[in-house]
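Reader: Before any discussion, please show the sequence and the coordinates. I will then ask about particular residues and strands.

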Amino acid sequence: QVQLVESGGGLVQAGGSVRLSCAASGRTFRNYAMGWFRQAPGKEREFVAAISWSGRMTYYADSVKGRFTISRDNAKNTVYLQMNSLKPEDTAVYYCAAGGATVAVATAYDSWGQGTQVTVSS
């Protein structure tokens with residue numbers, strides 16, 4: 001498995017912006033599709049966004065379309081999630097994941113980070 005470490009979470013006011021980063025170890029990072037998921041207390045883990053190995057294709061949950069942007073820099077072994085116009089309902093632990101396909105289901109990913117907390121106040 002690829003080791004993944006998320007960073008960039010914290011407390012932000014509603015309407016504000018946060019950029020999350022996910023740093024991956026290993027030289028095969030470019031061969032993985034990457035995804036972001038989130039989980040609020042007492043709720044199921046939810047798909048947020050995914051990006052293909054090339055970065056050419058991206059997919060978003062309807063709840064974040066137009067507000068969040070996923071990107072990757074394979075030279076830096078890093079994937080990003082830019083989150084704008086944040087809402088209190090975006091509050092969750094955000095997880096980075098790596099897998100063999102650009103899909104929205106958690107079971108398709110075989111490597112996961114430990115998560116980073118994002119709290120949106122209003």
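Reader: Is G10 buried, partly exposed or exposed?

Author: This is a predicted model, and G10 sits in strand β2 (residues 10-13). Buried ends under 20% relative accessible area and exposed starts over 50%. The value for G10 falls in between, so the residue is partly exposed, with a relative accessible area of 28%.

Reader: How far apart in space are G10 and Q117, C-alpha to C-alpha?

Author: Leaving out residues up to four places away in sequence, G10 touches Q117, V118 and T119. G10 and Q117 are separated by 107 residues in sequence. Their C-alpha to C-alpha distance is 6.1 Å.

Reader: Which strands stand at the edges of the open sheet?

Author: The open sheet is formed by 4 strands in the order β1-β3-β8-β7, with antiparallel pairing. A strand with a single partner has one side left without a neighbour in the sheet, so the edges are β1 (4-7) and β7 (68-73).

Reader: What does the twist average from one strand to the next?

Author: The order of the strands is β1-β3-β8-β7. From one strand to the next, the twist averages 15 degrees.

Reader: Which residue in β3 stands opposite S7?

Author: β1 pairs with β3 (residues 18-24) in the antiparallel sense, over 4 bridges. In β3, the residue opposite S7 is S21.

Reader: Which residues touch the most other members of the largest nonpolar core?

Author: That core has 32 residues. Elements that give two or more residues to the core include β4 (33-39), β8 (78-83) and β9 (92-99). The residues touching the most other members are M34, W36, L81, M83 and Y94.

Reader: Which residues is Y94 in contact with, leaving aside its neighbours within four places in sequence?

Author: Y94 is one of the core residues that touch the most other members. With those sequence neighbours left aside, its contacts are E6, L20, W36, F37, R38, V48, F68, L81, M83, G115, T116 and V118.

Reader: Is R67 buried or exposed?

Author: R67 lies in the loop between β6 (58-60) and β7. Beyond four places in sequence, R67 is in contact with residues including Q82, M83 and D90. Its relative accessibility is 11% and the cut-off is under 20%, so R67 counts as buried.

Reader: How far does the backbone nitrogen of V2 lie from a polar atom of the S111 side chain?

Author: S111 belongs to strand β10 (residues 109-112) and is buried, with a relative accessible area of 1%. From the backbone nitrogen of V2 to a polar atom of the S111 side chain, the distance is 3.0 Å.

Notes:
Residues are numbered from 1 along each chain as its sequence is written. This is a predicted model: local features need pLDDT of at least 70, side-chain atom pairs count only at pLDDT 80 or more; totals for chains, interfaces and linings use all residues. Side-chain values use heavy atoms; hydrogens and water are left out. Two strands pair if DSSP finds at least two bridges between them. Axes are lines fitted to C-alpha atoms, for helices over the stretch in contact, and angles run from 0 to 180 degrees between N-to-C directions. A nonpolar core is a set of buried Ala, Val, Leu, Ile, Met, Phe, Trp, Tyr and Cys residues joined through side-chain atoms within 4.5 Å. Buried means under 20% relative accessible area, exposed over 50%, partly exposed in between (1.4 Å probe, protein chains only). Contact means heavy atoms within 4.5 Å. A polar contact is a pair of N or O atoms within 3.5 Å; within protein, one must be able to donate a hydrogen and the other to accept it, and residues adjacent in sequence count only if both atoms are side-chain atoms.
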